[in-house]
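Open the structure in your viewer and show the side chains. This tour goes from aromatic rings to charged pairs.

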Amino acid sequence: MKPTPGETVVVILHSPRERLFGILDEITTAGIYLHGIEIGYFDDWCSSIASGEEYLPMSDYFLPMWRVERLTRDSGPDSLAAQFLHRTGREINEF
């Protein structure tokens, strides 16, 4: 089963290689629409939100299908969404 809109996902891209985490908006034959952040920024982002500091907001992305290497649900007790909730006390959907 493919992820559905509103679910948290991890997208791995190639050319150039990128890893994104966010909320899936839509999947089409042309690509993926995502509201998210780069995974490399995740720890700093959580820390900034938890301490009430300024932070970069999540961005809206269109990811053409030819760049998508992998799209996976972010689920389970060790998911990034669960880590975000544990570290900030807030749900990812608030952002």
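**Aromatic stops**

The count comes to seven aromatic pairs in this predicted model. Start by selecting Tyr33 and Phe62. Their rings form a tilted pair, 4.9 Å centre to centre, with 50° between the planes. Tyr33 sits in strand E3 (residues 31–38) and Phe62 in strand E4 (residues 59–64), 29 residues apart. Tyr33 is partly exposed at 34% relative accessibility. Phe62, at 39%, is partly exposed too.

Next, select Trp45 and Phe95. This pair is edge-to-face: 5.9 Å between centres, 70° between planes. Trp45 belongs to helix H1 (residues 42–50), while Phe95 lies in the segment after helix H2 (80–88), 50 residues apart. Are these two buried or exposed? Both Trp45 and Phe95 are buried.

**Charged stops**

There are five salt bridges in the structure. Select Glu7 and Arg73, one of these pairs, at 2.8 Å from N to O. Glu7 lies in the segment before strand E1 (8–13) and Arg73 in strand E5 (residues 68–73), so the bridge ties together parts 66 residues apart in sequence.

Move to Arg17 and Glu69. Their closest N and O atoms are 3.0 Å apart in a salt bridge. Arg17 is in the loop between E1 and strand E2 (18–27), and Glu69 is in strand E5, 52 residues apart. Arg17 is exposed at 53%, whereas Glu69 is partly exposed at 44%.

Finish with Glu18 and Arg67, a salt bridge of 2.7 Å, N to O. Glu18 is in strand E2 and Arg67 in the loop between E4 and E5, 49 residues apart in sequence. Glu18 is partly exposed, at 23%; Arg67 is buried, at 12%.

Technical notes
Residues are numbered from 1 along each chain as its sequence is written. This is a predicted model: local features need pLDDT of at least 70, side-chain atom pairs count only at pLDDT 80 or more; totals for chains, interfaces and linings use all residues. Side-chain values use heavy atoms; hydrogens and water are left out. Rings of Phe, Tyr and Trp (its six-membered ring) pair if their centres lie within 6.5 Å; planes under 30 degrees apart count as stacked, over 60 as edge-to-face and the rest as tilted. Helices (H or I, at least four residues) and strands (E, at least two) are DSSP runs, numbered from the N terminus. Buried means under 20% relative accessible area, exposed over 50%, partly exposed in between (1.4 Å probe, protein chains only). A salt bridge is a side-chain nitrogen of Lys or Arg within 4 Å of a carboxyl oxygen of Asp or Glu.
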